[in-house]
Amino acid sequence: MRPIKASHLFNRFKVNEFVHYPKIVRINGQLCYLSGTKLHKRNGKQEFLIIVSFNKPEKAQEQYKQRWQIEMSFRAMKSSGFDIEKTHLQDIQRIEKLVLLIMIAFVWSYKVGIYLNNKIPIQIKKHGRRAKSIFKYGLSYIANTLLNSENQNDTEIFKFLSCT
């Protein structure tokens, strides 16, 4: 079996057209399926999103989107949002409390971001992706409201937290 290059498999398709390679391939001795898409160019260089799956290649894109949501939530809790690594906590009970509070804050930020995006959509950049994440949109709004005394009369974001 000769090596397969992503550019050979997916280059002939349109940008953002998601396709499945019809044959099973061997990667590092493992039989698998390949699916992918050609993305917008960055820095003048073509990019590809290639998904390796072991069954049901027709569901690869849907499963990847779900997995990516999980990755983005971890990113939000870590470097792109709450920076929980910097706490250096070691006591398991304190870690549990911190994670619980961060999960509440994450959900609150995400829900506020969804609400705001429905009212005033996040700008879409030339590459087709949002200028900021739904989470970051909500978190920025909440932080601005809580930290800026002029905005503290905006009670709509507190309705999300109280579930009313």
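Reader: Let's begin with H3. How far apart are its end C-alpha atoms?
Author: They are 40 Å apart in this predicted model. Helix H3 covers residues 92–119, and at 1.5 Å a residue its 28 residues should span 40 Å, so the two values agree.

Reader: Nice. Which residues of H3 are buried?
Author: Those are Ile 102, Phe 106, Trp 108, Ser 109, Val 112, Gly 113, Leu 116 and Asn 117.

Reader: And what caps the N-terminal end of H3?
Author: Asp 91 does, with a side-chain oxygen 3.1 Å from the backbone nitrogen of Gln 93.

Reader: Changing topic to backbone angles: what is phi of Asn 28?
Author: It is near 50°, a positive value in a residue that isn't glycine. Asn 28 sits in the loop between strand S2 (25–27) and strand S3 (30–42).

Reader: Is Asn 28 buried or exposed?
Author: Asn 28 is exposed, because its relative accessible area is 81% and the cut-off for exposed is over 50%.

Reader: What about His 88, where is that?
Author: His 88 is in the loop between helix H2 (60–77) and H3. Its phi is positive too, about 60°, although His 88 is not a glycine. His 88 counts as exposed, at 66% relative accessibility.

Key:
Residues are numbered from 1 along each chain as its sequence is written. This is a predicted model: local features need pLDDT of at least 70, side-chain atom pairs count only at pLDDT 80 or more; totals for chains, interfaces and linings use all residues. Side-chain values use heavy atoms; hydrogens and water are left out. Helices (H or I, at least four residues) and strands (E, at least two) are DSSP runs, numbered from the N terminus. The expected span of a helix is 1.5 Å times one less than its number of residues. Buried means under 20% relative accessible area, exposed over 50%, partly exposed in between (1.4 Å probe, protein chains only). A polar contact is a pair of N or O atoms within 3.5 Å; within protein, one must be able to donate a hydrogen and the other to accept it, and residues adjacent in sequence count only if both atoms are side-chain atoms.
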